[in-house]
Amino acid sequence: LTEVGAVLVGGGELHERWSSLVGVDRPLSRGIQRFTGISQTMVDQAPPPGLVLPQFAKQLRGRVLVAHNARFDMGFLDREVERLTGRRIAAPVVDTVWLARRLLAGRQKRVGLASLAYFFGTSTRPCHRALADAEATAEILLALIGLARERGAETVADLVELSAPRARRLLAKRSLVAGAPRT
C-alpha cells in the first residue's frame with residue numbers, strides 16, 4: 001500500500017477529492033515504480049500508515065466505499081487498518097468490476113478500469129495513481145448507477161447486491177433459506 005485516494009460522490013456529482021502517498025518500510029520494486037510513477041524518494045518522504053489511514057477512514061465514516069476490483073484493494077486496506085486499529089473497515093462496499101460485469105453483460109467484455117473509462121468516456125483517465133483511479137471509478141459508478149436504475153435498483157443496498165460476486169450472492173441466499181420456517 002503506497003497510496004490511497006478518495007472522491008466523495010453525491011447528487012450525481014463528484015465532490016471532495018483526497019489522496020496521500022503512504023510511507024512504507026520496504027523498498028519499492030523497479031516494476032512498481034515504473035507502473036505507478038511513484039519513486040522510492042516519494043514514498044520515503046510520505047507520512048506513515050498510522051497517520052494516513054485514520055484520515056482515509058475518516059473520509060469513509062458513514063459512507064459507502066466504492067472500488068474497482070474491491071477485493072484486491074480491500075485486502076490491502078483491511079490488513080493495514082486492522083494492524084493499526086485491531087478492526088477492519090466496516091463500510092458497505094460496491095465493486096464496479098462486478099457491477100459492470102452484471103450490467104454490461106453482452107455489451108462490454110472488458111471490465112478493467114481503463115476499458116470502462118474509455119467505454120463511458122470519463123474525463124479522467126486511470127493511470128495507476130490513487131486519485132486519478134478514484135476519479136475514473138467515481139465517474140464509472142455514476143454511469144453504472146444509471147444502468148442499475150433501469151433494472152430497478154433504488155437503494156445503496158441494491159447496488160451492493162448487484163455488485164456482489166456470484167458466490168457472495170449465493171451465500172446470502174443460503175442464509176435466508178437456513179432461517180426460513182419449515183412447512
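I take the radius of gyration over C-alpha atoms, and the globule rule is 2.2 Å times the number of residues to the power 0.38. With 183 residues, a compact globule would come near 16 Å, and the protein has 18 Å, which agrees.

The model is predicted: local features need pLDDT of at least 70, side-chain atom pairs count only at pLDDT 80 or more, and totals for chains, interfaces and linings use all residues. Residues are numbered from 1 along each chain as its sequence is written, and side-chain values use heavy atoms, with hydrogens and water left out.

**Overall form**

I looked up the box next. Along the principal axes, the C-alpha atoms fill roughly 65 × 40 × 30 Å. I then listed helices (H or I, at least four residues) and strands (E, at least two), which are DSSP runs numbered from the N terminus. The protein has 9 helices and 4 strands. From the N terminus on, I read the order β-β-α-α-α-β-α-β-α-α-α-α-α.

For burial I used a 1.4 Å probe on protein chains only: buried is under 20% relative accessible area, exposed is over 50%, and partly exposed is in between. Of the 183 residues, 41% count as buried.

**Aromatic rings**

Rings of Phe, Tyr and Trp (its six-membered ring) pair if their centres lie within 6.5 Å; planes under 30 degrees apart are stacked, over 60 edge-to-face, and the rest tilted. How many aromatic pairs does the structure hold? I found 3.

One of them joins Trp18 and Phe56, and this pair is tilted, with 6.0 Å centre to centre and 35° between the planes. Trp18 lies in strand E2 (residues 13–21) and Phe56 in helix H3 (residues 49–60), so the pair ties together parts 38 residues apart in sequence. Are Trp18 and Phe56 buried or exposed? Both are buried.

Phe72 and Phe76 form an edge-to-face pair, 5.0 Å centre to centre, with 80° between the planes. They are 4 residues apart in helix H4 (residues 70–85), so about one helical turn separates them. Phe72 is partly exposed at 48% relative accessible area. Phe76 is partly exposed at 30%.

I also checked for a charge over a ring (NZ of Lys or CZ of Arg within 6 Å of the ring centre and within 35 degrees of the ring normal). The charged end of Arg101 sits over the ring of Trp98, 4.7 Å from its centre.

**Second largest pocket**

A pocket, on a 1 Å grid over the protein atoms alone, is an open set of points where a 1.4 Å probe fits, with protein on both sides within 12 Å along at least five of seven lines; lining residues have an atom within 4 Å of a point. A volume is the space filled by probe spheres set on the points. The second largest pocket holds about 290 Å³. Of its 13 lining residues, Ala57, Arg87, Arg88, Ile89 and Ala90 are the closest to its centre. H3 and H4 are the elements that give two or more residues to the lining. The largest share, 4 residues, comes from H3.

**Positive phi**

Most residues other than glycine have a negative phi. Which way does phi of Asn69 go, positive or negative? Phi of Asn69 is positive, near 65°. Asn69 is in the loop between strand E3 (65–67) and H4, and Asn69 is partly exposed at 36% relative accessible area.

Phi of His128 is also positive, near 65°. His128 lies in the loop between helix H6 (113–120) and helix H7 (130–150). His128 counts as partly exposed at 42% relative accessibility.
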